[in-house]
Amino acid sequence: MNGIDKNTLDEVIAKTFKEVKTAVDGHNEKSIQMYSQALRALVELRQQIVSEERVEA
């Protein structure tokens with residue numbers, strides 16, 4: 001995953017998690033679903049990057 005900065009990705013994950021929390025606090029079902037899906041995808045991307053780094057090491 002060349003070109004993806006892990007620190008930036010971690011920041012985006014943290015911001016998205018905050019959005020999920022805000023949606024939950026506001027009981028906004030559509031936002032909960034949207035941000036939850038985005039968070040899952042970002043976490044999967046982060047896991048893929050870590051896995052690739054392990055293979056390269």
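1. A residue is termed buried under 20% relative accessible area, exposed over 50%, and partly exposed in between (1.4 Å probe, protein chains only). The model is a predicted one, in which local features need pLDDT of at least 70 and side-chain atom pairs count only at pLDDT 80 or more, while totals for chains, interfaces and linings use all residues. Residues are numbered from 1 along each chain as its sequence is written, and side-chain values use heavy atoms, with hydrogens and water left out.

2. The protein contains two helices and zero strands; these are DSSP runs (helices H or I, at least four residues; strands E, at least two), numbered from the N terminus.

3. Helix H1 covers residues 6-25, and its 20 residues reach 28 Å from first to last C-alpha, close to the 28 Å expected at 1.5 Å a residue (1.5 Å times one less than the number of residues). After H1 comes His-27, with a positive phi near 55 degrees.

4. Along its principal axes the C-alpha trace spans about 45 × 15 × 15 Å. Of the 57 residues, 18% count as buried.
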